[in-house]
Amino acid sequence: MNANDRKTKAHAAVRRSGGGANVILVAGIVIVLAMALIIGGVIWASRDDGGSAGGSTQLPDGVTKGEPIEPFAAAKPAKDAPVVDGYEDFRCPICQVFEQKMGGSINEFAQDGRIRLRDLKTVIDTNTGGNSSAVAGSTAVCAADQGRWEEYHSALFALQPAQETRDGFPYGSYTEAAEEAGLSGESLASWEDCVNKDTYVDYVKSVDDQTVKDGITGTPAISVGGTKLNWGALIDEKTGRADTERLEQVLTSGTVPRDLRVTR
């Protein structure tokens, strides 16, 4: 099954009607390793624990090696705000579906300071070779430095390559996404300098390495207070719409109810 086939299947999965288990096993499968292998294993990171190599050693402000960024830290969430961890890869087709269904709502909760969103990257470079996913993640962190995380995040997902290859995104896609995100003038020049120096590639790899050690081996995945959420169960099988009201309740309460927990 090629990347186009998998992407088509991913979109169809969240629309298809049928038994209640389907959306859990198909749309929600992306957060369970065994099920992901069934649909082609397109989203798995399995690098050795030996750390990352290459690129710059620079870290984003306020984080340490292996620690995720908080793209909406400026919202200054309360110290007791629920911690929500997101695990995505810009080259992951089902991550694109996840973003379309729930990304905007999650960002809204974070911008309002009702949750503390930490974004992590689990890369699929070991499937294809190269470091395209790490580079893509790095360019997004560069955009975050310019205050354009959300805009760039959405723009780059919209440019996701149809084929999963070693080369990944055509390099021009990054500039296209940056301009679509509203970067121009000095901010665009600063972003370009950050990207050209591979400033955060090594950092993104270190975050991925840590997520693997923590048992997160697939994307997209989301956890609330350390408990994995079966986000696929929040998507209506007939309409393909996400239950954003219940999503809000779960994320802002900091507690994942039993019926929405990933059990394996």
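The structure is a predicted model, in which local features need pLDDT of at least 70 and side-chain atom pairs count only at pLDDT 80 or more, while totals for chains, interfaces and linings use all residues. Residues are numbered from 1 along each chain as its sequence is written, and side-chain values use heavy atoms, with hydrogens and water left out.

The protein chain has an average pLDDT of 82. Here pLDDT is the predictor's confidence in each residue, from 0 to 100. A score of at least 70 is reached by 79% of the residues. Over residues 1-54, the pLDDT is below 50. This stretch still has 125 contacts in the model beyond near neighbours in sequence. Contact means heavy atoms within 4.5 Å.

The secondary structure of the protein chain consists of 11 helices and four strands. Both are DSSP runs, numbered from the N terminus: helices are H or I with at least four residues, and strands are E with at least two. The protein chain has 264 residues, and 50% of them count as buried. Buried means under 20% relative accessible area, exposed means over 50%, and partly exposed lies in between (1.4 Å probe, protein chains only). Contacts in the protein chain between residues at least 6 apart in sequence were also examined: 80% of them join residues at least 24 apart.

Helix α4 (residues 93-111) pairs with helix α7 (residues 149-158): their axes come within 11 Å and cross at roughly 175°. That makes α4 roughly antiparallel to α7. Axes are lines fitted to C-alpha atoms, for helices over the stretch in contact, and angles run from 0 to 180 degrees between N-to-C directions. Angles under 35 degrees count as roughly parallel, over 145 as roughly antiparallel, 65 to 115 as roughly perpendicular, and the rest as oblique. On the α4 side, the contact is made by Cys95, Gln96, Glu99, Asn107 and Gln111. On the α7 side, Glu150, His153, Phe157 and Ala158 take part. The residues of this contact comprise three nonpolar, four polar and two charged. In this grouping, Ala, Val, Leu, Ile, Met, Phe, Trp, Tyr, Cys and Pro count as nonpolar, Asp, Glu, Lys and Arg as charged, and the others, Gly among them, as polar.

The buried residues of α7 are Trp149, Tyr152, His153, Ala155, Leu156 and Phe157. They pack against α4, and also against β1, β2 (116-121), α6 (132-145), α8 (172-180) and α9 (185-196).

Helix α11 (residues 244-253) buries Leu247, Val250 and Leu251. These residues lie on the same side of α11, because they cover an arc of only 90° around the axis. The arc is that of the directions from the helix axis to the C-beta atoms. The cover over the buried residues of α11 includes β1 (83-88), α4 and β3 (221-224). Exposed Glu245 and Gln249 sit on the face turned away from the buried side of α11. Just after α11 comes Gly254, with a positive phi of about 80°.

Strand β3 contains Ser223. Ser223 is buried, with a relative accessible area of 4%. Leaving aside neighbours within four places in sequence, Ser223 is in contact with Val83, Val84, Asp85, Tyr87, Lys228 and Leu229.

The loop between α10 (201-213) and β3 holds Gly218. Gly218 is buried, with a relative accessible area of 5%. Gly218 and Tyr87 are 131 residues apart in sequence, yet 7.9 Å apart in space, C-alpha to C-alpha. Pro220 lies in the loop between α10 and β3. The peptide bond from Thr219 to Pro220 is cis, with omega near -5°.

Gly225 lies in the loop between β3 and β4 (227-228). Gly225 is exposed, with a relative accessible area of 58%. Gly225 and Asp85 are 140 residues apart in sequence and 8.1 Å apart in space, C-alpha to C-alpha.

Most residues other than glycine have a negative phi, and most peptide bonds are trans. Lys76 has a positive phi, near 50°. Lys76 lies in the loop between α3 (33-38) and β1, and is exposed, with a relative accessible area of 72%. Asp198 also has a positive phi, of about 50°, although it is not a glycine. Asp198 lies in the loop between α9 and α10. Asp198 is partly exposed, with a relative accessible area of 31%.
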